[in-house]
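User: Could you take a close look at the aromatic rings in this one and what sits around them? I'd like one connected walk-through.

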Amino acid sequence: MGESRAEPARRVRADAQRSREALREAAKEIFAVSGVDAPVREIAERAGVGLGTVYRNFPQRSDLVTAVFRHEIDRCAAAAPELAAEHPPVEALRRWLDRYIEFMATKRGLVAALHSGDPAFAPLPGYFDEHLRPALETLLGAAVASGAVRRDVEAKDLLVAVANLCLPAEEDPEHTRRMVSLLIDGLRFGAGH
């Protein structure tokens with residue numbers, strides 16, 4: 001009898017986790033297009049849940065914004081070791097920077113909230129730096145060690161440079177990819193010296 005009670009509880013937790021993930025994904029998509037002030041009802045509809053589920057999982061809008069931002073940072077950071085294991089160093093770096101560009105597209109919808117002065121968002125820049133810079137440092141270090149990228153490049157500078165290249169992406173998303181490709185070519189200049 002104890003097992004039958006435990007099983008429904010596990011199912012509820014799995015359902016709740018799926019709802020939370022669906023909400024986070026729906027919010028990411030909507031925030032990227034409409035910004036963080038998009039109607040909660042629209043996010044709930046896209047996720048296929050009711051408004052109560054939204055507020056049960058994310059009582060404040062800032063909770064949802066923070067969850068989306070952290071999840072996307074985590075996904076981007078987690079891609080680094082996977083890419084390093086699957087590709088030569090420069091290709092892993094290039095592919096990770098493509099993933100970072102996708103993250104920046106998500107972030108674009110969150111910028112207004114992140115710069116709103118709301119204390120709920122204060123830890124996010126540190127979280128960004130704490131997770132993404134080490135991921136890039138590892139890939140960049142491997143590319144430098146392989147002799148394919150010049151030694152005088154800092155991960156922090158590269159993150160900022162790519163972020164700046166993402167600014168005009170709303171008009172032409174492929175423009176950013178072309179510019180980052182040129183940037184990577186520039187990283188290779190003088191690498192053999």
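Analyst: This predicted model holds five aromatic pairs, where rings of Phe, Tyr and Trp (its six-membered ring) pair if their centres lie within 6.5 Å, with planes under 30 degrees apart called stacked, over 60 edge-to-face and the rest tilted. One of them is F69 with F103, a tilted pair at 5.7 Å centre to centre and 55° between the planes. F69 sits in helix α4 and F103 in helix α5, 34 residues apart, so the pair links distant parts of the chain; helices here are DSSP runs (H or I, at least four residues), numbered from the N terminus. F69 counts as buried because its relative accessibility is 2%, and F103 because its value is 0%; buried means under 20% relative accessible area, with a 1.4 Å probe and protein chains only.

Setting aside neighbours within four places in sequence, L132 is in contact (heavy atoms within 4.5 Å) with W96, Y100 and F103, among others. The buried residues of α7 include L132, Y127 and F128.

On housekeeping, residues are numbered from 1 along each chain as its sequence is written. Local features need pLDDT of at least 70, side-chain atom pairs count only at pLDDT 80 or more, totals for chains, interfaces and linings use all residues, and side-chain values use heavy atoms, leaving out hydrogens and water.

Methods
Buried < 20%, exposed > 50% of the residue type's maximum accessible area, 1.4 Å probe, protein only. Helix = DSSP H or I, 4+ residues; strand = E, 2+ residues; numbered from the N terminus.
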